[in-house]
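Q: Please take me through this model feature by feature. I would like the general idea of each one before the case at hand.

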Amino acid sequence: MSYKKLWITLALVFFASFAVLLYYGGEIYQVKPPIPDKVVTTDGQVIFTKQDIEDGQNIWQRMGGQEVGSVWGHGAYVAPDWSADFLHRELTLLLDAWADKTYGKTYDQLDEVKKAGLKAKLKQEIRTNTYDPKTGAVVLSEDRAAVTRQLVDYYSKLFGDDPSLDSYREEIAIPADTIKNAEDRDKLGAFFFWAAWSTSTNRPGQDITYTNNWPGEPLIDNAPTSSSVIWSIVSVILLIAGVGALAWYFAVQKGKEEHADFAAVPDKDPLLKIKTTPSMRATLKYFWVVTALIVVQVGLGAITAHYGVEGNGFYGIPLAEWFPYSVTRTWHTQLAVFWIATAWLAAGLYIGPAISGQEPKYQRLGVNFLFGAVLLVVVGSMAGQWAAIKGYITNLTSNFYFGHQGFEYVDLGRLWQILLCIGLFLWFFLMARALWPALKRKSEGRHLLILFLIASVAIPVFYVPGLMWGQNTHLSIVTYWRWWIVHLWVEGFFEVFASVLIAFLFSRMGLIKVASATANVLFSTIIFLFGGIIGTFHHLYFAGTPTGVLVFGAVFSALEVVPLLLIGFEAYENLRHGRAKAWVARYRWPIYFFVAVSFWNLLGAGIFGFLINPPIALYYMQGLNTTPLHGHLALFGVYGMLGIGLMMFCLRGLSGERPWKTKLLNFSFWSLNIGLLLMGLMSLLPVGILQTVASMEHGMWYARSAEFLHQPLLQKLVWIRAVGDTIFAAGVIGIAIFVLGLKTGRSYAESSAMSHKARRESKAVH
């Protein structure tokens, strides 16, 4: 079978997509919101310097950054979005000051005519761009400068220990004395000023702000741009057209395949012929660590969610004194990536020698060394983040390298990033040398092996963008590169890697033809990357980027959803494979987890992903609970379930012929899926919808405010989440007990048919 056209198409999609991505990276660099050399009053008095703003960003990162509220909508959800919060406070203070000066009343006490006059003055004051490229200065009126100083003092008290703000700090889960140094608190205020200024100041020569009029703020007529509306409509039309085209393609293919010759499924399990090598057995410890990290990560998630109703403790325990919200959320999000990636990497190391049938020299040593490196990065990065947030790391440069970078999902310090990157390249080296003997054989599966290697090398290569920013890099540029990691690395090439890996497993089991597996994986990779690479832009609509980013993001993020039409076929095929022969029942639970991946791909990644992808939707929803709804259901539902499925597959192989007791797996599988569904539908979705309505009616600042989120109904919805969380946690505990039982022997069913040799092999493995 010839795959030439598919390979050519894949290459064209890859290079054309990255050409667009890199081109707009250059555009973002050119049009990003300027950081002024100084912010001055009309009489030349300096309020902030560029150094103050850059240091303020570093201080924000050190205290947890996007794990303590958000800036430009990216980050955590209990504390406010600081850019929207600063802006709204600035606007209301200015209006009250002018109303008092002119009429001797507060703004709310005025009639509508007087309000309209002051509001028009406010819009003129705030949206007029006073940045002078020649002097590098932003000029503020005396009134605005006075309000700015007042707000800097307010944030200094908030992040200090002013007792008048104790109850508010508890509501937003920020401990007293979060930033101990008064000068650092003032610099943080300078950064918040600049972040808010970027959202409210028009681009030179245009009537839209640097952030495309985000966030919604009625007081200065910050509203969606016409481009946001038009390209949202276009994205929906393209989604419908794409789904129709793919349905037509599959109808044609089905007609061709009806007369195809399908290979018979083997009568016996062909994987039992694979001899487990020392390096394959060495991967077992990876799965122990994966299991431990899942338990810790889910426990941290429960604590983090609880901080939404009790900001300084956990059911009365003053846990926040040592592990505040910013710490638990950092570890919760980071460990999710760590354990999922570790499961997938271990699966690759296990399957490499299984495919080639050969064990390279010193392969086991390499696998063990990599294991130690993974533990070092996990423990070292978590310790550094805790030390930074608790104030034990004070130097900003030291924090950048060893502490907390403050960027959600890429929180680990630069040293740990470098070590992780080196570890990923070492992993690829170990994979490639194990696969090389099989690659040299000109077999039918050679194309699938090549694709497997390409997907494998993409994992370390596409982590490199995480090293592309420095300590003082502009926030728009950091956001651009950061989403290369979160979107392309986690959501992109790991998924390609997983698709190829599953195809390998089924083809090695004789459940599908190698030729069919190769063609299907190449085709699905093409259509996935066609939308997925440029679809990265949907994260960047409001990050100080040009309109072209919004256009491409809207179009291609819609096309990202098109491949999910395949999900129904994929789920059906996986179930069909699981019933092909009696021996396939050995792999029932890995296959069931693969089926769950299909379900969550459709619901979490597809439906709830597209819910927030169009620009007009994201304008009102960015930074609200609709984002963690998509995040939880996609990250755990798709990648987490896949990681558990791959782990179970490898553990099944490492167990030899010895049968498992599967009642606990049955319980865990359904608990995980039911709990995750309840978590999303009973809590995150209704909170997110109510926040969206509030955002549309009053502005994003209100949807994220403690005033709104601590209403009785919203608090009840947060408490209701405990139902789904508890069921979900029970499933995680069940997985942990089952994996532990494989070590102790309690997870095995005794079988009289089991040979003495199989028992001996199983003991050797464990």
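Q: Is Tyr-409 buried, partly exposed or exposed, and what is its relative accessible area?

A: Buried means under 20% relative accessible area, exposed over 50%, and partly exposed in between, with a 1.4 Å probe and protein chains only. Tyr-409 has a relative accessible area of 27%, so it is partly exposed. Its phi is positive, about 75 degrees, although Tyr-409 is not a glycine. Tyr-409 sits in the loop between strand E7 (404-407) and E8; helices (H or I, at least four residues) and strands (E, at least two) are DSSP runs, numbered from the N terminus.

Q: What do the numbers rest on?

A: This is a predicted model, in which local features need pLDDT of at least 70, side-chain atom pairs count only at pLDDT 80 or more, and totals for chains, interfaces and linings use all residues. Residues are numbered from 1 along each chain as its sequence is written, and side-chain values use heavy atoms, with hydrogens and water left out.

Q: Which residues does Arg-127 touch, leaving aside those up to four places away in sequence?

A: Contact means heavy atoms within 4.5 Å. By that test Arg-127 touches Ser-200, Thr-201, Asn-202, Asp-207, Ile-208, Thr-209, Asn-213, Ile-220, Asp-221 and Asn-222. Arg-127 lies in helix H4 (residues 112-127) and is buried, with a relative accessible area of 5%. Its C-alpha atom is separated by 9.5 Å from that of Asp-221, 94 residues apart along the chain.

Q: What is the phi of Asp-221, and where does the residue lie?

A: Phi of Asp-221 is near 60 degrees, a positive value in a residue other than glycine. Asp-221 is in the loop between H7 and H8 and counts as partly exposed at 37% relative accessibility. Pro-215 also lies in the loop between helix H7 (182-200) and helix H8 (226-257). A cis peptide bond joins Trp-214 to Pro-215, with omega about 5 degrees.

Q: How many residues of H2 are buried?

A: Ten of the 13 residues of H2 are buried, so the helix is largely enclosed by the rest of the structure. Among them are Ile-53, Glu-54, Asp-55, Trp-60 and Arg-62. The expected span of a helix is 1.5 Å times one less than its number of residues. Helix H2 (residues 50-62) reaches 18 Å from its first C-alpha to its last, close to the 18 Å expected. Gly-64, with a positive phi near 130 degrees, follows H2.

Q: What lines the largest cavity, by class?

A: On a 1 Å grid over the protein atoms alone, a cavity is a set of points where a 1.4 Å probe fits but cannot get out; lining residues have an atom within 4 Å of a point. Grid points are joined across faces, edges and corners, and a volume is the space filled by probe spheres set on the points. The structure holds four cavities of 30 Å³ or more, and the largest has a volume of about 250 Å³. Its lining has 18 nonpolar, three polar and no charged residues, where Ala, Val, Leu, Ile, Met, Phe, Trp, Tyr, Cys and Pro count as nonpolar, Asp, Glu, Lys and Arg as charged, and the others, Gly among them, as polar. Of the 21 lining residues, Phe-338, Ala-341, Leu-420, Leu-424 and Trp-489 lie nearest its centre. H11 gives the largest share of the lining, six residues.

How values were computed. 1 Å grid on protein atoms, 1.4 Å probe; cavity = no way out; pocket = protein on both sides within 12 Å on 5 of 7 lines; lining within 4 Å.
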